[in-house]
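Open the model in your viewer and keep the selection panel handy.

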Amino acid sequence: MLSVLELNAMARSLLEDRAPDVWVEGEVRDLMRTGAGHVYFSLGDARAQVRCTMFRSDAIRVRFELADGLRIRVRGGLTVYEVRGTYQLNVRSVLAAGEGERAAEIARIKKKL
């Protein structure tokens, strides 16, 4: 019999072994910075989203200002936050990819009004 924590640790191990280094492109949503310099956000497209974590040591290397609505390409590894049993992408590097679709649509609507 497994405890919940042991089950989540097993899931974490499986994800980290299978997806240690992936590139993903999407739009930044729900960006939050902590006082310690860590950055949390969702990366989404029209049909799905994934929670992302970027620790301070990686965040300080980003050469542009991350903001909601920005389209980016990220490189990182999948993991499970065992306490909550949720999976996330630990982002190690970020490249700009332009304006996100949601942000562009909002800008079009504002211009039209």
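Strands here are DSSP runs of at least two residues marked E, numbered from the N terminus. The model is predicted.

**Stop one: the largest pocket**

The space inside is about 190 Å³.

Now colour by strand. Which strand gives the most to this lining? E3 does, with three residues. Strand E3 covers 49-54 and strand E5 covers 86-99. Each of the two supplies at least two residues of the lining of the largest pocket.

Next, colour by residue class. The lining of the largest pocket has three nonpolar and three polar residues, plus two charged ones.

**Stop two: the second largest pocket**

Move on to the second largest pocket, with a volume of about 160 Å³. How many residues line it? The lining has 13. Select Val24, Glu25, Leu43, Gln49 and Val50, which lie nearest the centre of this pocket.

Show strand E1 (22-33) and strand E2 (39-44) beside E3 and E5. Each of these strands supplies at least two residues of the lining of the second largest pocket. E1 has the largest share, with four residues.

Keep the class colours on. Here the lining has eight nonpolar, three polar and two charged residues.

**Last view**

Key. Residues numbered from 1 in each chain as written. Predicted model: local features only at pLDDT ≥ 70, side-chain atom pairs only at ≥ 80, totals over all residues. Heavy atoms only, no water. 1 Å grid on protein atoms, 1.4 Å probe; cavity = no way out; pocket = protein on both sides within 12 Å on 5 of 7 lines; lining within 4 Å. Points joined across faces, edges and corners; volume = space filled by probe spheres on them. Nonpolar A, V, L, I, M, F, W, Y, C, P; charged D, E, K, R; others polar.
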